Amino acid sequence: MSADTREPGTGGREPALDKSPAKIAGMFDAIAERYDLLNTILSGGLDRYWRHHAINSLRLTGKERLLDVCTGTADVAIGAARRSQGAAHVVGVDFSGAMLVHGLEKVRRRELASRIRLIRGDAMHLPVASESVHAATIAFGIRNVQQPEVAFRELLRVLRPGGRLAILEFGTPGSRIFGPVYNWYSRNVLPRIGRAVSRHDAAYTYLPESIGTFTYGDEFARLLNVAGFSHVEARPFMFGAVYLYTGQKGPEAVRP
């Protein structure tokens with residue numbers, strides 16, 4: 001019997017997509033200029049609603065240091081810092097330099113440069129000290145990480161005991177009515193709009209492919225438990241088209 005070489009995060013299916021950091025970073029560099037516009041168009045503005053719930057789940061008090069991994073153009077970082085009882089300091093990490101350039105522009109326009117720091121880095125090798133942050137987030141980025149289980153261990157490492165985690169990621173709706181409509185939209189409409197607006201052929205073909213081959217729901221929650229997180233929950237939005245995963249680093253967690 002041959003060994004099972006399938007990677008966690010692919011739902012038990014053979015990974016068909018090249019998720020090497022250089023390839024993914026290059027793809028996001030190419031679409032960075034129109035990334036925010038496309039998010040709004042393709043989600044109908046619901047991306048703001050989902051990020052709002054992710055930040056809420058962290059139960060911030062105004063004193064925390066937050067790490068936003070795969071920060072992109074820094075929407076979660078900015079949202080967490082702008083709240084009246086938001087994070088006191090935010091570190092955003094992304095491996096796309098162009099996305100960070102646009103994120104920094106937004107941070108400066110909102111006069112948040114003293115509270116938000118953006119760093120180029122890899123989710124599998126976070127440039128952050130162990131047990132140095134109170135909370136961590138990833139919004140629609142974990143499926144682009146080459147080895148999600150390595151990123152989970154890194155998140156556990158940098159969180160303080162009791163620290164909270166919130167991850168937003170796409171799923172596949174199980175509804176017999178909404179599911180086929182969503183699948184048709186993601187396979188046919190989304191790539192055409194994405195290509196027209198971003199002027200990039202591959203990026204918005206990659207999006208539905210990456211969603212279709214990635215673990216979601218209870219199985220994704222199980223992977224967080226295996227990595228060492230406790231109190232893990234998976235909350236679906238839009239019949240499971242999007243999930244909010246939450247978890248916590250327990251006081252007994254051992255550093256990797």
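**Close-up 1. Buried residues of helix 7 in the predicted model.** In this predicted model, the residues of helix 7 that are buried are Gly179, Tyr182, Ser186, Leu190, Pro191, Gly194, Val197 and Ser198. These buried residues pack against helix 1 (21–31), helix 2 (35–43), strand 5 (159–170) and helix 8. An α-helix has 3.6 residues a turn, so residues three or four places apart point the same way.

**Close-up 2. The bend in helix 7 and the residue that follows the helix.** At Ser186, helix 7 bends by about 40°, and Ser186 is also one of the buried residues of this helix. After helix 7 comes Arg199, which has a positive phi, near 60°.

**Close-up 3. Packing of helix 7 with helix 8.** Helix 7 (residues 178–198) packs with helix 8 (residues 203–212) at an angle of about 150°, and the two axes are 7 Å apart. Because angles over 145 degrees count as roughly antiparallel, helix 7 is described as roughly antiparallel to helix 8.

**Close-up 4. Nonpolar cores and the surroundings of Leu168.** The largest nonpolar core has 46 residues, and Ile116, Leu168 and Tyr204 are those with the most contacts inside it. Leaving aside residues up to four places away in sequence, Leu168 touches Trp50, Arg51, Ala54, Ile138, Ala139, Phe140, Gly141, Val242, Tyr243 and Leu244. Another core, of 34 residues, lies apart from the largest one and includes Val133, Val158, Val232 and Tyr243.

How values were computed:
Residues numbered from 1 in each chain as written. Predicted model: local features only at pLDDT ≥ 70, side-chain atom pairs only at ≥ 80, totals over all residues. Heavy atoms only, no water. Axes fitted to C-alpha atoms, helices over the stretch in contact; angles between N-to-C directions. Helix = DSSP H or I, 4+ residues; strand = E, 2+ residues; numbered from the N terminus. Parallel < 35°, antiparallel > 145°, perpendicular 65-115°, else oblique. Bend = angle between axes of the 7 residues up to and from the residue. Buried < 20%, exposed > 50% of the residue type's maximum accessible area, 1.4 Å probe, protein only. Contact = heavy atoms within 4.5 Å. Core = buried A, V, L, I, M, F, W, Y, C linked by side-chain atoms within 4.5 Å.
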